[in-house]
Amino acid sequence: MSTYRKDLGVGLIAIAIGGTAAILAGRIPNLTGTPVGPGTFPLVIGLAVVAAGVAVLVSTVRQRLAMDEHEPSRATVEPPRSSPPAWTAWVLPMTTAGFCLLAVTVSLDLATGAAFAVCGRHLGRYRWTTCLAGGVLAAVILHVVFRTLLNVTLPAERLW
Amino acid sequence: MDTLTALLQGLGTALSPEHVLYALLGALVGTLIGVLPGLGPTAGMALLVPLSVNLDPVSAVIMIAAIYYGAMYGGSTTAILMNVPGEASSVVTVLDGYQMARQGRGGSALAIAAIGSFVAGIMSLILLVLLAPLLAPLALDFGPLELCALAVLALTAAINLSGPSLARGLLSCGLGLLIATVGSDPVTAEGRFTFGNYDLLAGINFIPVVVGLFAISEVFVASNSGASSIFEGKLSRLYPSRAELRQSAAPIARGSLLGFVLGLVPGLSPAAASFTAYDVERRLSKSPERFGKGAIEGVASPEAANNSAVGGGLVPLLTLGIPTSPTIAVLLGAFLVHGITPGPLIFSEHPDVAWPFIASMAVGNVILVLLNLPLVGLWARIVSVPYAVILPVIVVVSFIGVYSVNGRAFDVVVMLIAGLVGFVMRSARVPMAPLVLAIVIAPILEASFRQSLSLGDGGVSAFGSSPLALGLLAAAAVLLVTSLRSRRRRPLDPGQDLEDDF
């Protein structure tokens, strides 16, 4: 997506978020008996976010107009970007989400081992056996340090 | 002279092997707590106060205080090396510290953070001893009007961290304030933006948001970068050069002074001190464009400020018995557990505890610097560890840090959403730092804002009755206008890479 469109998007999203917040804040009942209720502060902030969104929009449009005037070629031509294949960009976000889901619902140790193995394979291109051994080692270290030594509050283990 | 004698006697007590050992233990535990996002100094100290009950009062307060500044330093280590701020005041260290690490200068950043923290700790100790009786009444001058004005000033400083676009800074700050208002209203308990969800009724915790914005979004960015580690070249220098030390000297001194003064103000977190110190440095710099790209002053000054704010916060505690922050409140609890009430009489009734406690700040800071400087080389090499290893470490540590605070899966969901939002914000060049400070300051801003409006029957007229509040608001306006002018001369470059922004 071009920078210009991104900036327009930022401005519009800000106006939508700020406007929605201001409308919802205005509907919060004020039972305090004073002019200042629970909705006053979010109402003011919502309006400020709308103002910021409008400012982003105005500056984006002004900048675009100025660029069109001085450097028409630069405003229209976006430099091509070399990026890895689209599916690889999703591996780490999906691994992160999968790790959290597995850690909360099944086992943090298992999730840790799996996360290390997947990252080792995907990012380091190590052999699967190396990745699995690394995953097991990471899970053991995590278990000993956080669950046994530090006794930190962690999700319940449902595997063992 | 009496003060000096008492301080020297206190130093003698603090230097006894037993107390040095407790300071060392506190500094070690504190560093470990600080490294882990989520378990900040407040939670760490609160967890360990009950364990200190069986110790003698001097050992207990020395250990608890050492945990405090140990955690402050530990938070900076992960902020610089992994873009994971351990606690709120480390967020601003991320801006230049992580960029330095990416340039292979992580060792210099860590060393300057250690030196800055040490110098600030010693300076704040001297200021505490010399100025405590004079400055203590200042804390009592801060009512809701002044507090609201000061919070506005701190937020204005944060908005200035927005890179080339002030509107984006304002937007980020507003989003942070909106996030902070989610949950029960503190006065009427009326739900705000909760949509009937019980988890949202308890509000959105600061830790999952900050960890998601910085650490998780970093994982997402790394997956697109194609790089094999945070820094792929050869580590050039593990310790700061003479030029870097010279560049950092004045920012450390300024950060120390500013942090101490802002630490005096009740309710203002050390994070506000570090954000303000960063903004001051950028304004004073002859080349402000270097900030956010690895300027060493951007590490030196905020690190000094957040450490010095600790000393500043002790002035109202020791002289008036007023805790100025949740962390200082836990420290107050540690005193009370041992039957010592901090306040005007502490120096006459319990000099055997008060002076060794103050002197132990110097001992603890020396221990921290001795502990951390030799390890800088080892820590700095973390940036060369392959992403295949470091990214899962970041994910696991972030998860544990977020989950361990309340034991809620909801916080993990918030962290993931914040990670996604952080990724979008980076792509759209919306700065994240103002959002973080806004979440930290929002409770105090909202409470003082509402009290101030109530004083003026719903209007802002009450601000006119306080010259201090008016002065602070005027300072905020001047900050805003001057930065608007400087940005007009330096328009936003649409071709700018997102790495250049923060």
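What share of the 160 residues in chain A is buried? Buried residues make up 38% of them. Keep in mind that this is a predicted model, so every value here is computed from predicted coordinates.

**Chain A at a glance**

Chain A is built from seven helices and has zero strands, which reads along the sequence as α-α-α-α-α-α-α. If you count the contacts in chain A with a separation of 6 or more, 59% of them link residues 24 or more positions apart.

Take helix H5 of chain A, which covers residues 91-105. H5(A) has 15 residues and spans 21 Å from its first C-alpha to its last, close to the 21 Å expected at 1.5 Å a residue. Its buried residues are Val91(A), Leu92(A), Pro93(A), Thr95(A), Thr96(A), Phe99(A), Cys100(A) and Ala103(A). Thr95(A) is worth a click: setting aside neighbours within four places in sequence, Thr95(A) is in contact with Ala115(A) and Val118(A).

**Where the two chains meet**

Chain A puts 59 residues into the contact, and chain B puts in 57 residues. Together the chains bury about 4700 Å², and carbon and sulfur atoms give 81% of that area. On the chain A side, Val36(A), Phe41(A) and Phe116(A) supply 13% of the area that chain A buries against chain B, more than any other three residues.

The crossing of H1(A) and H8(B) is left-handed. From H1(A), the residues involved are Asp7(A), Val10(A), Ala14(A), Ile17(A) and Ala21(A), and they meet Arg168(B), Leu171(B), Leu175(B) and Leu178(B) of H8(B). Sorted by class, this contact of H1(A) with H8(B) has seven nonpolar, no polar and two charged residues.

Thr20(A) also sits in helix H1 of chain A. Its C-alpha atom is 43 Å from that of Ala117(A), which is 97 residues away along the chain.

| Residue | Relative accessibility | Class |
|---|---|---|
| Thr20(A) | 44% | partly exposed |
| Thr95(A) | 16% | buried |
| Thr93(B) | 0% | buried |
| Phe193(B) | 13% | buried |
| Phe195(B) | 66% | exposed |

Why does Thr95(A) count as buried? Its relative accessibility is 16%, and buried means under 20%. Thr20(A), at 44%, counts as partly exposed, because that class lies between the 20% and 50% limits.

Thr93(B) lies in helix H5 of chain B, residues 91-102. Leaving out residues up to four places away in sequence, Thr93(B) touches Ile80(B), Tyr98(B), Val299(B) and Glu303(B).

Finally, have a look at the loop between strand S2 (191-192) and helix H9 (198-201) of chain B, where Phe193(B) is found. Phe195(B) is in the loop between S2 and H9 too. Most residues other than glycine have a negative phi. Phe193(B), though not a glycine, has a positive phi near 55°. Phe195(B) is not a glycine either, and its phi is positive at about 50°. As for their side of the surface, Phe193(B) is buried at 13% relative accessible area, whereas Phe195(B) is exposed at 66%.

Definitions and conventions
Residues numbered from 1 in each chain as written. Chains lettered and ligands numbered in written order. Predicted model: local features only at pLDDT ≥ 70, side-chain atom pairs only at ≥ 80, totals over all residues. Heavy atoms only, no water. Left-handed = near helix turned anticlockwise from the far one by under 90°. Helix = DSSP H or I, 4+ residues; strand = E, 2+ residues; numbered from the N terminus. Contact = heavy atoms within 4.5 Å. Nonpolar A, V, L, I, M, F, W, Y, C, P; charged D, E, K, R; others polar. Buried < 20%, exposed > 50% of the residue type's maximum accessible area, 1.4 Å probe, protein only. Expected span 1.5 Å × (residues − 1). Buried area = accessible area lost by both parts, 1.4 Å probe.
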